[in-house]
Amino acid sequence: MKKSKITGLLLAVVAGAGFFASCGSDDSSSGSGPEITKVWARTSPMETSLGAVYMSIASKDGDELTDVSVDPSIAAMAQIHEMVMATADTSMSMTSDAPSGEMVMQEVDSVVIDAGGSVDLKPGSYHIMLLELVAPLELGAKFDVTLTFSKAGKITVTAEVRDEAP
Ligand SMILES: [Cu+2]
């Protein structure tokens, strides 16, 4: 006599959320979306809660960067900033005490990329400002930054923490 007992156990497996990132980008083969390169973040000193992310954005058809975000595990908030020369006007409206002629930064609503052109987010110019960093940005670390474009929609890129531009 042969006895056999089989216990079947069926587990329902929910598909991982990681696939969501690739949803909605099926039309990327057209190649008309913004091309984002040289994405990097500056190492942040221990005493600061601010971080900066830089990149180069090129667009054949032209587009506009309208919003930026990072995971809350990286920083509480991300904003598009630019550096401008403080004038009597800007030091009145944007900063409390920057003297005329000094570079100050301010939040901007968007960055326009002209058709066939490119815009560099770089030190001393446009940058993505990370506010209330959860932890200092350490050399070699990587994290995702989600960019929202008026035409292309959301694009997620990975920033590498470096001492200088790639
Ligand atoms: Cu800034």
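**Before you click**

What you see is a predicted model, where local features need pLDDT of at least 70, side-chain atom pairs count only at pLDDT 80 or more, and totals for chains, interfaces and linings use all residues. Residues are numbered from 1 along each chain as its sequence is written, and side-chain values use heavy atoms, with hydrogens and water left out.

**Stop 1: the whole chain**

Switch to a cartoon view. The protein chain has one helix and 10 strands; here helices (H or I, at least four residues) and strands (E, at least two) are DSSP runs, numbered from the N terminus. Follow the chain along its sequence and you pass through the pattern β-β-β-β-α-β-β-β-β-β-β.

Of the 166 residues in the protein chain, 34% are buried. Buried means under 20% relative accessible area, exposed over 50%, and partly exposed in between (1.4 Å probe, protein chains only).

Contacts tell you about the fold too: among those between residues at least 6 apart in sequence, 65% join residues at least 24 apart. Contact means heavy atoms within 4.5 Å.

**Stop 2: the copper ion**

Which residues coordinate the copper ion? Select His-81 (ND1), Met-105 (SD), His-127 (NE2) and Met-129 (SD), and you'll find them at 2.1 to 2.2 Å. Donors are N, O and S atoms within 2.8 Å of the metal (3.2 Å for Na, K and Ca); water is not among the atoms, so sites may look incomplete.

The angles among the four donor atoms run from 101 to 123°, and the site of the copper ion is tetrahedral. For four donors, that label calls for all angles to lie between 85 and 135 degrees. In sequence, the donor residues follow the spacing H-x23-M-x21-H-x1-M. Met-105 sits in strand 5 (residues 103–107) and His-127 in strand 8 (residues 127–133), so this pair ties together parts that are 22 residues apart in sequence.

Are these two buried or exposed? His-127 is buried, with a relative accessible area of 4%, whereas Met-105 is partly exposed at 32%.

**Stop 3: the nonpolar cores**

Next, select Val-53, Met-55, Ile-128, Leu-130, Phe-143, Val-145 and Leu-147. In the largest nonpolar core, which has 29 residues, these touch the most other members. Strand 9 gives the most to this core, with four residues. A nonpolar core is a set of buried Ala, Val, Leu, Ile, Met, Phe, Trp, Tyr and Cys residues joined through side-chain atoms within 4.5 Å. In soluble globular proteins, nonpolar side chains tend to be buried together.

Zoom in on Val-145. Leaving out residues up to four places away in sequence, Val-145 touches Val-53, Ser-69, Val-70, Ile-128, Ile-155, Thr-156, Val-157 and Ala-159.

**Stop 4: two threonines in strand 9**

Pick Thr-146, in strand 9 (residues 142–149). Thr-146 is buried, with a relative accessible area of 19%. Its side chain makes a polar contact with the side chain of Thr-156 (3.1 Å). A polar contact is a pair of N or O atoms within 3.5 Å; within protein, one must be able to donate a hydrogen and the other to accept it, and residues adjacent in sequence count only if both atoms are side-chain atoms.

Then click on Thr-148, also found in strand 9 and buried at 17%. The side chain of Thr-148 makes a polar contact with the side chain of Lys-154 (3.4 Å). How far apart are the C-alpha atoms of Thr-148 and Thr-66? They are separated by 5.7 Å, though the two residues are 82 apart along the chain.

**Stop 5: positive phi**

Finish with Lys-38 in strand 1 (residues 35–42). Its phi is near 50°, a positive value in a residue other than glycine. Glu-132, found in strand 8, has a positive phi of about 55° and is not a glycine.

Note on methods: Four donors count as tetrahedral if all angles lie between 85 and 135 degrees; four count as square planar and six as octahedral if opposite donors are over 155 degrees apart and all others between 65 and 115; anything else is irregular.
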